[in-house]
Amino acid sequence: MTAVCGARNAEWVRSLGAAEVIDYAKEDFVGGGARFDVMLDLGGNRALSDCLRVLNPKGVYVACAGDGGDWFGPLARLAGMALRSLFSSQRLWTFVAAPKQKDLLFPKVLVEVGKARPVIERSWALSEIAEALRHVGEGHSRGQSVVRVAG
């Protein structure tokens, strides 16, 4: 697995299982010559064409976020994916979480037996919600932010 992140997070993503880390401030993953079978795009801040350029011909691109920049949000990216998928051997998917209680049982078991571990950056009191949203909105979170509703 190859991860693209800033130098501040390099060791952290290695500890999560990345075999290779590309520091986006020093190297452009598009120009490095590597090709990938699957790309899980968590940031959505690179052009779709850049991402597809490094994907193998039968590769799979999964968008989990999309930079929209305006009130349309990620709709332009999703429309571009739909159009490109008509003319490509690459598969383009979107991932939108809509968890149900039964769907959360499997990851719960993985955490309980030590096969997975949640990465929680910080726990916030409900009274700190504005600060928490500002922090997450800056795009530099390392893991999940949890808001405590009671206690």
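A salt bridge here is a side-chain nitrogen of Lys or Arg within 4 Å of a carboxyl oxygen of Asp or Glu. The model is predicted, so local features need pLDDT of at least 70, side-chain atom pairs count only at pLDDT 80 or more, and totals for chains, interfaces and linings use all residues. Residues are numbered from 1 along each chain as its sequence is written, and side-chain values use heavy atoms, with hydrogens and water left out.

**Overall build**
- The protein has 5 helices and 7 strands; helices (H or I, at least four residues) and strands (E, at least two) are DSSP runs, numbered from the N terminus.
- Its C-alpha trace spans about 55 × 35 × 35 Å along the principal axes.
- Of the 151 residues, 24% count as buried, where buried means under 20% relative accessible area, exposed over 50%, and partly exposed in between (1.4 Å probe, protein chains only).

**The sheet**
- Three strands form an open sheet in the order β3-β4-β5, with parallel pairing; two strands pair if DSSP finds at least two bridges between them.
- The edge strands are β3 (36-41) and β5 (91-94), each of which pairs on one side only.
- β3 is joined to β4 (residues 55-63) by 5 bridges, and Val 38 has Val 60 in β4 as its bridge partner.
- Helix α3 (residues 75-85) packs on the sheet and touches β3, β4 and β5, with contact meaning heavy atoms within 4.5 Å.

**A network of salt bridges**
- Asp 28, Arg 46, Asp 50 and Arg 53 are linked in a network of salt bridges.
- In the pair Asp 28 and Arg 46, the closest N and O atoms are 2.8 Å apart.
- Asp 28 lies in the loop between β2 (20-23) and β3, and Arg 46 in the loop between β3 and α2 (48-53), so this pair ties together parts that are 18 residues apart in sequence.
- Asp 50 and Arg 53 also form a salt bridge, at 3.2 Å between the closest N and O atoms; both lie in helix α2, 3 residues apart, about one turn of the helix.
- Asp 50 counts as buried at 15% relative accessibility, whereas Arg 53 is partly exposed at 47%.

**A pair in helix α1**
- Glu 11 and Arg 14 meet in a salt bridge of 2.9 Å, N to O.
- Glu 11 and Arg 14 are separated by about one helical turn because they are 3 residues apart in helix α1 (residues 10-15).
- Glu 11 counts as exposed at 56% relative accessibility, while Arg 14 is partly exposed at 36%.

Conventions: Axes fitted to C-alpha atoms, helices over the stretch in contact; angles between N-to-C directions.
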